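Here are some notes for a first look at this entry. Please keep the structure open while reading.

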Amino acid sequence: MKRLSTLLLTASLALPTASALAETHRMTIDTQGSAGEISRHLYGQFAEHLGRGIYDGFWKKDDQGEYVIRQDVVEALKAIAIPNLRWPGGCFADYYFWQHGIGPKEERPSVVNNLWGGVTENNAVGTHEFMALVDELGTEPVVVGNVGSGTVQDMADWWQYMNHPGESPMSRLRAENGREAPWNVEYWGVGNESWGCGGNMRPEYYADLYRRYATYLHPYENVRPFRVAAGAAGDDYHWTEVMMKRAGDMIDGLDLHHYTIQGDWVTQKGQAVDFDESDWFELMERTQEMEELLTRHIAIMDKYDPEQRVWLIVGEWGTWHEQEEGSIPGFLYQQNTLRDALTASVTLDTFHRHLDRVKMANIAQTVNVLQAMILTDGEQMILTPTYHVFDMYQVHHDAQAFPIALETGEYTYASQSLPALSGTASRDNEGRIHISLTNIDPHMTRTVEIELKGIDVTGVTRGRILVADEMNAHNTFDDPDKLMPRPYNRAHVRGDKLIVPVPAKSLITLEL
Ligand code: AHR
């Protein structure tokens, strides 16, 4: 990723206090144009059998030792209207045999989850339990089938088990296990990260395998499969090229994975909480990589699919830090600060710049794993700063994005610069206009003068802000509401412009 041009002001100069610093930037929103629909599926979630994501995350043991769905978690996720939930992995998907997770619990085999901590997986949560969760959440399932170690028949049977509406071996089995009606699961992953944990394949080989597995996902009158192929790892453009060329005609969604990592992925990733401004800058710089990745993968897809039929899905994204000291190795439990929150809002804005192609994304992962929405500890639960971003961005679900031009300014640290501001503007289906603005600069308030072409702006009906004094502000079980959105009322109209001071390291959403 290229560094952007350098400003004269560098962080090594004595910095004035935040209040003494301010810059003004122009933003134009064309309320008569459209930049496409912001698919709600961009706000998708992910629940893998990993660490305390499923057990002790979505589910907890009741007094009888039975796993039950946590109602506090369900209520919190319903409040942000999660549009879909991807399951059972991740890497776990290519190790998973769905047959182990149906029928009486005491008869389900235990397996070792070698990938994630070597813990025993007793399959207490399987297909019926997951679909009950989906039902309670009022969300849509995204199921990922096993290509790496499962057979074509395994996958075809699972599809039939979940979806066949009539008389068939698998619908009979489903009924015997207590569920008569099909679930009509549409989004179906054909393997996960097949270039890595999903089988270490070359794209040429996987493309053929994909075609074969996808062939046996038969449409029924109640549901047709939306077939998702494992996409590239980050900047592996060759993978996208080969997949589109050899299997594009059978792919509905291509699932790119990219994590935002500060430090070194192999030797030492950055810390979630204990970081300084150089780490802040580095993570923000890594966050900008998504723009180039999307642009280049989309250019390849456009070559083979000019009608833009195939979705580019970002099926795993988010920050990945060293896991919290003292947490179980392999469980990927990390805290979540204001820094993570602003990487999320900037990334969501990046998705919003590619709406014709990018229609679904899943942040990794929802509860207790990586950049989670929710952390639990026994009976306690806290909402992370990233949860609050997803809450504040709800206003953009299925809204029409407006074309915007934003002078981003530059946030400069140690002679390197990044765009300081990022934003989205949209109109929801009730006609309300929403504007989100993120300022990643940890020192300077940036005042945005907004021109709304096509309407006379009279004021703001609601404003919210996520901001803190410390870069690493976060919520803990002792202080769960330290960082949460607060009312924001500093936006005002001057002449025909809306003037919005965006404080250092903050996210603002406004409703007009
Ligand atoms: O989200 C954690 C892991 O990261 C997933 O299992 C895998 O798909 C990815 O490499």
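1. Start with the ligand. Its shell holds 13 residues, and those that come nearest are Glu 48, Cys 91, Glu 193, Tyr 259 and Glu 316. Keep in mind that this is a predicted model.

2. What is the make-up of the shell around the ligand by class? Seven of its residues are nonpolar, three are polar and three are charged.

3. Glu 48 places a polar side-chain atom 2.7 Å from an oxygen atom of the ligand. Glu 193 also has a polar side-chain atom 2.7 Å from a ligand oxygen. For Gln 365, an N or O atom of the side chain is 3.0 Å from an oxygen atom of the ligand. How much of the ligand does the protein bury? Taken alone, the ligand exposes 290 Å², and 94% of that is buried by the protein.

4. A disulfide is a covalent bond between the sulfur atoms of two cysteines.

5. Why is the disulfide left-handed? Because the torsion about the S-S bond of Cys 91 and Cys 197 is about -85 degrees.

6. Check the accessibility of the two cysteines. Cys 91 has a relative accessibility of 11%, so this residue counts as buried. The cut-off for buried is under 20%. Cys 197 has a relative accessible area of 24%, so Cys 197 is partly exposed.

7. Finally, turn to Gly 248. This glycine lies in the loop between α6 (237–247) and β11 (253–260). Is Gly 248 buried or exposed? Gly 248 counts as buried, because its relative accessibility is 8%.

8. What does Gly 248 touch, not counting residues up to four places away in sequence? Its contacts are Met 243, Arg 309 and Val 310. As for Ala 229, 19 residues apart from Gly 248 along the chain, the two C-alpha atoms are separated by 9.3 Å.

Conventions
Residues numbered from 1 in each chain as written. Predicted model: local features only at pLDDT ≥ 70, side-chain atom pairs only at ≥ 80, totals over all residues. Heavy atoms only, no water. Near = heavy atom within 4 Å. Polar contact = N/O pair within 3.5 Å; in protein donor to acceptor, adjacent residues only side chain to side chain. Areas by Shrake-Rupley, 256 points an atom, 1.4 Å probe, with all protein chains shown as cover. Nonpolar A, V, L, I, M, F, W, Y, C, P; charged D, E, K, R; others polar. Helix = DSSP H or I, 4+ residues; strand = E, 2+ residues; numbered from the N terminus. Buried < 20%, exposed > 50% of the residue type's maximum accessible area, 1.4 Å probe, protein only. Contact = heavy atoms within 4.5 Å. Disulfide = S-S within 2.5 Å.
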